[in-house]
Amino acid sequence: MLKIILDGDAIRRPLQVHIAWINRHRRTFQAQDRQPKREYVSGETHYFLGRGYRLQLNRGGRSYRIRIAGSGKLEFSAPADASCHQREQAILRWHRRELRKRVEVEAKRWAARLGIPIPIVGIKRMRTKWGTSNPSAKRIWLNLELAQKSPQSISYIVLHELVHFLHRKHDENFVAQLDALMPKWRSIRAELNQSPLAYQPWYQIEL
């Protein structure tokens, strides 16, 4: 019979490294402001592509329609009996659709600059990351909340994830590639990480 003896220190050491990384990211997200809870009614301020818009809810429509109007308004038509959750889901669907349009343009542009295949783009709600990449599957995942952030923030995150196709770690080669393609990426990252979050903190611990 094969007997396996586990060394407790050998197990703890890599976990301690990951725990430090997790705690660092938790502190960053905890330090960010949170937008107040949304009811998706007239008068609320909602963000889209880095700008705040005053929501104007029009009840009584047969379907959900969203459009940016003049004077900084976001016109939102919804059925009269639509619940807060249903109105929220309609806004999120709109965010997802509009974000995908912009991300796919950015992904195509940066992939050409990097000399890599155009990636498959996925969008989902994430709590501790703006994006993640899977070079083997040629796929990137982006946080749905980026729909509320500035176009330059979206461009930076797409570039960041695509550079991982060439450099898996955040080493000097990774940084040099970002410097060459987007010299102001540090200031863009700082602005993004200081902007208010729409979601309450909830941590996905991935070891």
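The axes of helices α2 and α3 come within 9 Å and cross at roughly 45°. That angle makes α2 oblique to α3. Axes are lines fitted to C-alpha atoms, for helices over the stretch in contact, and angles run from 0 to 180 degrees between N-to-C directions. Angles under 35 degrees count as roughly parallel, over 145 as roughly antiparallel, 65 to 115 as roughly perpendicular, and the rest as oblique. The model is predicted: local features need pLDDT of at least 70, side-chain atom pairs count only at pLDDT 80 or more, and totals for chains, interfaces and linings use all residues. Residues are numbered from 1 along each chain as its sequence is written, and side-chain values use heavy atoms, with hydrogens and water left out.

The α2/α3 crossing is right-handed. A crossing is left-handed if the near helix is turned anticlockwise from the far one by less than a right angle, and right-handed if clockwise. From α2, the residues L99, V103, E106, A107, R109, W110, A111 and L114 take part. They meet I154, S155, V158, L159, L162 and V163 of α3. Contact here means heavy atoms within 4.5 Å.

S155 lies in helix α3 and counts as buried at 5% relative accessibility. Buried means under 20% relative accessible area, exposed over 50%, and partly exposed in between (1.4 Å probe, protein chains only). Neighbours within four places in sequence aside, S155 is in contact with E106, R109, W110 and M182. With the same exclusion of neighbours within four places, V158 is in contact with V103, E106, A107, W110, I140 and L142.

Helix α3 also packs against α4. Their axes come within 10 Å and cross at roughly 140°. The two helices are therefore oblique to each other. α3 passes α4 in a right-handed crossing. Y156, L159, H160 and V163 of α3 make the contact with F174, Q177, L178 and L181 of α4.

On the α4 side, L178 is buried, with a relative accessible area of 0%. Outside four places in sequence, L178 is in contact with Y156, L159, H160, V163, P183 and W185.

The overall fold places these helices in context. The secondary structure of the chain comes to five helices and seven strands. Along the sequence the pattern reads α-β-β-β-β-α-β-β-β-α-α-α. Helices (H or I, at least four residues) and strands (E, at least two) are DSSP runs, numbered from the N terminus. The chain has 207 residues, of which 38% are buried. Among contacts between residues at least 6 apart in sequence, 50% join residues at least 24 apart. The accessible surface comes to about 12500 Å², and 52% of it belongs to carbon and sulfur atoms. Accessible areas come from the Shrake-Rupley method with a 1.4 Å probe; for residues, only the protein chains shown count as cover.

In soluble globular proteins, nonpolar side chains tend to be buried together. The largest nonpolar core of the model holds 45 residues. Such a core is a set of buried Ala, Val, Leu, Ile, Met, Phe, Trp, Tyr and Cys residues joined through side-chain atoms within 4.5 Å. F76, L146, V158, L159 and L162 touch the most other members. At least two residues each come from β2 (51–59), β4 (73–78), α2 (84–114), β5 (120–124), β7 (139–143), α3 (151–163), α4 (172–181) and α5 (185–194). α2 gives the most, with 10 residues.

F76 lies in strand β4. F76 is buried, with a relative accessible area of 0%. The C-alpha atoms of F76 and L57 are separated by 4.9 Å, although the two residues are 19 apart along the chain. Leaving aside neighbours within four places in sequence, F76 is in contact with L55, Q56, L57, N58, Y64, R65, I66, R87, A90 and I91.

Y40 is not a glycine, yet has a positive phi of about 60°. Y40 sits in the loop between α1 (8–31) and β1 (45–48) and counts as buried at 9% relative accessibility. S71, also not a glycine, has a positive phi of about 60°. The place of S71 is the loop between β3 (65–69) and β4. S71 is exposed, with a relative accessible area of 76%.
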